[in-house]
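The points after the display are grouped by topic.

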Amino acid sequence: MTQRVLIAADKFKGSLTAVQVAERVTAGLRRVLPGIEIEAMPVADGGDGTVDAAAAAGFERREARVAGPLGDEVTAAFALRGDTAVVEMAEASGLQRLPAGVFAPLTASTYGSGELLRAALDAGARTIVFGVGGSATTDGGAGMLTALGARFLDAAGEPVTPGGGGLGDLATADLSGLDPRLTSVELVLASDVDNPLTGPKGAPAVYGPQKGASPDDVATLDAALAHYAKILEETVGPEAAEHAAAPGAGAAGGIGYGALLLGARFRPGIEVMLDVLGFASALERADLVITGEGSLDEQTLHGKAPAGVAAAARARGIEVVAVCGRLALLPEALGHAGIRRAYALSALEPDPAKSMAQAGPLLERVAESIARDFLT
């Protein structure tokens, strides 16, 4: 009987997209077993690459001109199928939109993410999966809300400056002008991050340094976001404080908080994406699942794509192996996650720079090993 393989891997950040990972694994498997049945379903956990994964699964790719994190105009994509849209905040407000080596922890804005949500509404979306991660911003979603019709004013009645730093000057918040279509849309906040908005586990403290924030910047941003949440509590009531403490509020520099204020439902990003992509029906056709991402490490176990794929496959009794650039998990941890074995490119090329540069050919060799170990 012909064995059927489902490739459901995330990107290898910095070297291969999820689509390219699937192509290289397919090539390696077919070199050993030319007739093998392979189904490729690139996956993502809500961060950068989420729109690409949806497009690979048959969603239509749409584009919109929106503001980047520094205010310059960029072309950002979202995905649409029927009345369901997949919007990725990193497309508009991600680190990838900053010039190389440039960070703007206090001033980067999520305004463009709000414009991207508006574009999805304009396209007729009734359900929006809002994937958040990889952000350049720590503005609590204030920019996004502004683009959707909210007003954030200082004591002089002027709009506060863009970015998280400007929220320290916030005197009044007015959400009455929010796009009325938001009340009739199902908004799903998809993220692998369950941090609250502020505090030691909040967005500035945990993720600010990745966005160029110094210790002083982190303190400034944490105080500004706490003040922002307090002003919003005065405006919309105690639920604003509840949202600030809720899991996911701190996702992507606090844009999760802004989404929760819009009535979003928080769900782990990989769970949402597996639903949207039709993973359950693909599993029914598979005898072996190959998942993976650039680095299999402790973070993988906390809501990243390979862990979600493995959990779903294990529930169906289907064996899972993983591919990765770098492996930092012991076999026992892999087993607990439902991964039978992991194959790392670093085992073939220990030099990280060379391994990333040659990731494609190395991944084909790894796939040949999987075919010989599990499929022949």
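Across which strands does helix 12 lie? Helix 12 (residues 305-315) lies across strand 11 and strand 12 (319-327), and it runs at about 160 degrees to strand 11. The model described here is predicted.

- An open sheet is formed by five strands, arranged in the order 2-1-11-12-13 with parallel pairing.
- Strand 2 (37-40) and strand 13 (341-344) stand at the edges; each has a single partner strand, so one side of each is left without a neighbour in the sheet.
- From one strand to the next, the twist averages 25 degrees.
- In general, the strands of a sheet pair through backbone hydrogen bonds, in either a parallel or an antiparallel manner.
- Strand 1 (residues 4-7) and strand 11 (residues 288-296) run parallel and are joined by three bridges.
- Ile 7 has Ile 290, in strand 11, as its bridge partner.

**A further helix across the sheet**
- Helix 1 (residues 18-32) lies across strand 1, strand 2 and strand 11.
- The direction of helix 1 is at about 155 degrees to strand 1.

**Helix 4**
- Helix 4 (residues 111-122) has twelve residues, which at 1.5 Å a residue should span 16 Å; its end C-alpha atoms are 17 Å apart, which agrees.
- Helix 4 is mostly covered, with nine of its twelve residues buried.
- The buried residues of helix 4 include Gly 112, Glu 115, Leu 116, Leu 117 and Leu 121.

Key:
Residues are numbered from 1 along each chain as its sequence is written. This is a predicted model: local features need pLDDT of at least 70, side-chain atom pairs count only at pLDDT 80 or more; totals for chains, interfaces and linings use all residues. Side-chain values use heavy atoms; hydrogens and water are left out. Two strands pair if DSSP finds at least two bridges between them. Helices (H or I, at least four residues) and strands (E, at least two) are DSSP runs, numbered from the N terminus. Axes are lines fitted to C-alpha atoms, for helices over the stretch in contact, and angles run from 0 to 180 degrees between N-to-C directions. Contact means heavy atoms within 4.5 Å. The expected span of a helix is 1.5 Å times one less than its number of residues. Buried means under 20% relative accessible area, exposed over 50%, partly exposed in between (1.4 Å probe, protein chains only).
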